[in-house]
Amino acid sequence: MNDTLLEVKNLRTYFHTFKGTVKAVDDVSFSVGRGEILAIVGESGGGKSVTGFSVIRLIEEPGVIESGEILFEGRDVMKLSEREVDRLRGKEISMIFQDPMTSLNPVYTIGRQIEESLLLHTKLNREERRAACIDLLRSVGISNPESRLKAYPHQFSGGMRQRVVIAIALAADPKLIIADEPTTALDVTIQAQILRLMADLVRAKNRSMILVTHDLAVVSEMADRINVMYCGKIVETGSARKVIDESAHPYTKGLIDSIPDLERDRKRLNTIKGIVPNMFELPEGCNFAPRCARATELCFGVEPEQREIGAGHFVACHFPLGGPAHEEEARS
Amino acid sequence: MTKLLEVTNLEQRFDLNTDFLSKLVFEKGRIVKRERIVKAVNGVSFSVGRREVFSIVGESGCGKSTVARTVVKLIEPKGGRICYDGRDITELSRTEMLPFRKRMQMIFQDPYASLNPRQRVADILVEPMLFHKIARSPEDAREKALEILNRVGIRPEQASRYPHQFSGGQRQRIGIARALAVEPEFIVADEPVSALDVSIQAQILNLLMDLKEEFSFSYLFIAHDLSVVKHISDNLAVMYLGRMVEKGSKAHIFGNPLHPYTLALFSAIPRISGTKMRTGRNLEGEIPSAIDLPPGCCFHTRCPKALPVCREVVPQEREIEPGHFVSCHLFA
């Protein structure tokens with residue numbers, strides 16, 4: 001994808017706590033093209049949400065973005081003043097948070113919360129704003145939008161609230177939407193409705209989205225490209241089908257194999273042994289080595305560099321899976 | 001051979017009215033009496049055989065957890081009959097229940113909330129052993145506790161730690177160990193893996209299956225994740241708004257799903273293999289409130305195939321093929 005909207009280079013976000021420094025995001029680089037859905041997947045503590053938040057500099061103490069460039073349409077977000085970033089947030093880049101129960105303000109009406117974004121970022125007058133709010137609610141599939149404007153969040157169910165949150169995120173027509181686990185709190189039938197809605201809205205307007213989630217199945221349904229994160233680093237990145245069907249990193253493969261499959265029966269699930277390491281004491285060499293079945297002495301000593309094993313398919317592993325097959329592909 | 005657990009026409013209601021005054025509502029200029037009762041479980045029948053895994057699936061609010069808690073009489077049933085090992089336990093008092101408590105144990109969803117934060121891990125296991133007189137002495141109990149902890153993957157030197165020193169997956173192992181401590185024969189597991197990361201989820205599922213083989217347990221397994229349920233169950237039931245809409249063996253439900261809700265649930269699951277969800281048809285609307293249940297079939301408000309009769313008459317359960325039951329007018 002040559003039409004790049006966002007480019008993140010060597011991003012490092014650290015949390016300095018009294019127990020030590022947590023390298024939540026450690027030297028991460030990626031890009032998002034226009035009209036593209038990029039997914040960031042991984043387990044809890046992998047740094048995927050912090051990566052999402054870092055893009056719009058929503059990192060609070062004790063977290064600090066130590067270094068890196070965040071180029072949004074060529075402008076470095078890191079060099080903007082707080083006021084300038086504020087103008088970017090909501091207007092150019094907006095966020096959808098995980099928990100629809102807490103990301104809406106309980107004491108304001110739905111209408112007022114959607115209107116706030118329009119008031120800040122557009123020049124519409126009062127009537128136009130009201131009409132825009134109604135259109136937005138309708139576009140996210142809320143029936144009877146006129147009468148819903150005066151409702152409060154507690155009068156909505158979880159799925160409906162998440163629709164409202166999406167309506168707010170879309171209000172100023174942003175170019176990039178960062179969705180942090182947007183459907184994790186929802187039931188599966190509601191999740192399907194919301195995911196389809198988000199994909200349609202992104203595609204219809206050629207907007208871009210960063211989808212942060214732990215759910216690989218959701219990712220394979222939604223994303224164009226995938227970044228797999230483990231302990232603050234991107235261990236594998238590539239097109240969605242490549243990463244899932246031809247996973248090269250043992251961690252990616254391990255994640256996929258631990259999901260029970262509806263389509264075939266297995267007596268036992270393959271698991272990744274052990275647990276995610278303590279972020280205060282990351283192992284030497286490859287972070288995944290202590291849990292990896294293929295790890296050798298090299299893995300415990302030297303941290304692997306990211307390298308390209310197929311068109312646009314990068315992996316940070318000394319011994320990627322299916323090596324020869326990938327090399328053949330790269331040649332042909 | 002009799003079934004281990006037989007539940008017939010189980011009903012559970014929660015009265016939201018705290019006193020008489022809260023039943024009074026001001027409506028159209030008059031004060032009227034309106035009772036707000038959540039009809040959580042409405043006539044559910046099923047049985048669990050020895051060494052069988054019976055699962056209940058459904059979305060949040062369908063009453064699956066309430067069934068689990070009512071079956072072990074953590075909540076007194078409001079109607080129906082519960083027979084355990086041939087004996088009717090529906091009316092038993094708390095003291096009469098005690099011998100049964102030892103035989104049926106529960107594993108809870110949230111490994112953070114279900115362990116006493118002020119008790120050391122070994123003590124969490126020792127206490128029920130002494131209470132149910134499984135062990136002769138505290139020393140004996142401690143020895144047994146260490147053995148069980150070791151079996152679920154907690155090392156002996158970790159046994160004197162407190163729950164907060166463990167990760168979510170390890171806590172769930174402790175929760176499982178506590179259930180094992182009193183040597184039960186029947187385990188009720190209420191969403192035991194839904195709070196865990198996928199790689200840890202797979203470890204816990206394998207552990208539950210291994211323990212079943214080792215100790216010949218029977219499980220009542222509550223889950224919302226169909227792929228987990230498919231992996232673990234022998235038989236299962238699909239619940240919607242307090243009723244079991246479809247019930248049968250794993251082969252019945254996954255090989256030949258019949259109820260429109262079961263079908264909708266299947267089509268809503270994101271799959272690792274592709275993009276079915278985005279293109280497939282999905283349910284519109286949301287789950288109605290359990291306070292005002294719709295008349296007739298509770299699913300008719302969202303059902304794509306609803307007939308006029310569905311709005312008026314509650315469908316009866318029918319056996320479509322041996323052991324496969326469906327409650328739907330389409331199959332009447």
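**Chat about a predicted two-chain model**

Visitor: Which residues of H1(A) are buried?
Guide: The buried residues of H1(A) are Lys48(A), Ser49(A), Val50(A), Thr51(A), Gly52(A), Phe53(A), Ser54(A) and Val55(A). Buried here means that 20 or more other C-beta atoms lie within 10 Å of a residue's own; 12 or fewer makes it exposed, anything in between partly exposed, and C-beta atoms are placed from the backbone. Helices (H or I, at least four residues) and strands (E, at least two) are DSSP runs, numbered from the N terminus.

Visitor: And how should I read the numbering and the model?
Guide: Residues count from 1 along each chain as its sequence is written, while chains are lettered from A and ligands numbered from 1 in the order in which they are written. This is a predicted model, where local features need pLDDT of at least 70 and side-chain atom pairs count only at pLDDT 80 or more, though totals for chains, interfaces and linings use all residues.

Visitor: Back to H1(A), then. How many of its residues are buried?
Guide: 8 of 8, so to speak: helix H1 of chain A, residues 48-55, is mostly covered. Arg57(A) follows H1(A) and has a positive phi, near 55°.

Visitor: Zooming out, how many helices and strands does chain A have?
Guide: Chain A comes to 12 helices and 12 strands. Its radius of gyration is 21 Å, close to the 20 Å that the globule rule gives for 332 residues, so chain A is as compact as a globular protein of that length. That radius is taken over C-alpha atoms, and the rule is 2.2 Å times the number of residues to the power 0.38. The C-alpha atoms of chain A fill a box of roughly 65 × 50 × 45 Å along the principal axes, and 47% of the 332 residues count as buried.

Visitor: How many bridges does each pair get?
Guide: Strand S1 (residues 4-17) of chain A is joined to S2(A) by 11 bridges, and His16(A) stands opposite Thr21(A) in S2(A). S1(A) and strand S4 (residues 63-72) of chain A pair over 8 bridges, with Glu7(A) opposite Leu71(A) in S4(A). S4(A) and S5(A) are joined by 2 bridges, and Phe72(A) has Arg75(A) in S5(A) as its bridge partner. The hairpin of S4(A) and S5(A) has 2 residues between the strands, and Glu73(A) there takes a positive phi near 50°.

Visitor: Okay, how is chain A divided into domains?
Guide: Domain 1 of chain A is 1-86 + 212-245, and domain 2 is 249-274 + 283-332; such bounds come from an automatic or database domain assignment. Their centres, over C-alpha atoms, are separated by 21 Å. 14 residues of domain 1 are in contact with 15 residues of domain 2 in chain A, contact meaning C-beta atoms, placed from the backbone, within 7 Å.

Visitor: What supplies the largest share of the domain 1 side there?
Guide: That would be S10(A), with 6 residues. The residues of that side of domain 1 of chain A divide into 8 nonpolar, 3 polar and 3 charged. Ala, Val, Leu, Ile, Met, Phe, Trp, Tyr, Cys and Pro count as nonpolar, Asp, Glu, Lys and Arg as charged, and the others, Gly among them, as polar.

Visitor: Last one: how many residues of chain A are in contact with chain B?
Guide: 36 residues of chain A are in contact with 34 residues of chain B. On the chain A side, H7(A) gives the largest share, 9 residues. That side divides into 17 nonpolar, 11 polar and 8 charged residues.

Definitions and conventions. Contact = placed C-beta atoms within 7 Å. Pairing = 2+ DSSP bridges.
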